[in-house]
Amino acid sequence: SVTFARLVSCANTEMKTLTDRYLLTTDPQNALEFNVIDTYQGNEQRSIRNLSGGETFLVSLALALGLAHLSGGRMRMDEGFGTLDPETLDGAINTLAALRGRGTGLIGIISHVEALQERVDTQIVLSRGADGVSTLSGPGCGKG
C-alpha cells in the first residue's frame with residue numbers, strides 16, 4: 001500500500017501537466033483501487049470504471065508516467081490517442097514533448113491519428129506494398 005500511495009502521488013504530479021481537472025486517489029473501500037476526483041464537478045469522487053474514453057486515456061497516461069518514474073524510466077506505455085478530443089490530444093502531445101525535454105529518454109509513438117503525426121518531427125513510416133510486402137522509410141531505415 002505504501003508503493004501504491006507513492007504511485008498515486010507520482011501519477012498526480014504527471015496529471016497536473018495534462019489537466020487541472022482530475023486527481024487520483026485511493027478508494028476508501030479498497031486501498032488498492034483508484035478513484036478520480038473531478039475538480040470541475042465540485043470535487044466529486046468516482047470510480048475509474050465510470051470514466052469516458054478521453055478521461056480513461058488521461059488517467060492511464062498519468063499512471064503510466066507515474067510508474068515509469070517509479071521504475072527509473074525503464075517502462076513501455078501503450079495508450080489510445082485515437083480516443084482523444086483535439087484539446088486533450090494537444091495536452092498529451094505537449095506532455096510527451098515536455099518529457100523529452102526532461103531527458104526522459106526515447107519516446108516512441110505508433111499512431112494513425114493524423115494530428116499526432118503532424119506534430120512528431122522524426123518518423124518511421126510503414127507502407128503497405130502492392131505485392132503484400134510492407135516497407136519502412138525514415139531515419140535509420142534502409143535495405144539490409
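Which element supplies the largest share of the lining of the second largest pocket? I looked it up, and it is α3, with 4 residues. A reminder to myself before going on: this is a predicted model.

**Entry 1: the pocket.** I stayed with the second largest pocket and noted its space as about 260 Å³. I counted 14 lining residues, and those closest to the centre are T19, Y22, L58, E87 and T88. Helix α3 covers residues 86–101, and both α2 and α3 bring at least two residues to this lining.

**Entry 2: the whole chain.** Next I stepped back for an overview. I found 4 helices and 5 strands, and read along the sequence they follow the pattern α-β-β-β-α-α-α-β-β. The chain has 144 residues, of which 32% count as buried. I also checked the contacts with a separation of 6 or more: 38% of them join residues 24 or more positions apart.

**Entry 3: the sheet.** I then traced an open sheet of 3 strands, in the order β1-β2-β3 with antiparallel pairing. Its edges are β1 (22–27) and β3 (44–47); each has a single partner strand, so one side of each is left without a neighbour in the sheet. From one strand to the next, the twist averages 40°. Looking at one pair in detail, I saw that β2, residues 30–38, is joined to β3 by 4 bridges in the antiparallel sense. One residue I followed across was D38, whose bridge partner in β3 is E44.

**Entry 4: helices on the sheet.** What lies across β1 and β2? It is helix α1, residues 2–18, which runs at about 170° to β1. Helix α2, residues 53–70, packs on the sheet too and touches β1, β2 and β3. The direction of α2 makes about 75° with that of β1.

**Entry 5: a closer look at α2.** At 1.5 Å a residue, its 18 residues should span 26 Å, and I found the end C-alpha atoms of α2 25 Å apart, which agrees. Then I listed its buried residues: G54, E55, F57, L58, V59, L61, A62, L63, A64, L65, G66 and A68.

Conventions: Residues numbered from 1 in each chain as written. Predicted model: local features only at pLDDT ≥ 70, side-chain atom pairs only at ≥ 80, totals over all residues. Heavy atoms only, no water. Pairing = 2+ DSSP bridges. Axes fitted to C-alpha atoms, helices over the stretch in contact; angles between N-to-C directions. Contact = heavy atoms within 4.5 Å. Expected span 1.5 Å × (residues − 1). Buried < 20%, exposed > 50% of the residue type's maximum accessible area, 1.4 Å probe, protein only. 1 Å grid on protein atoms, 1.4 Å probe; cavity = no way out; pocket = protein on both sides within 12 Å on 5 of 7 lines; lining within 4 Å. Points joined across faces, edges and corners; volume = space filled by probe spheres on them.
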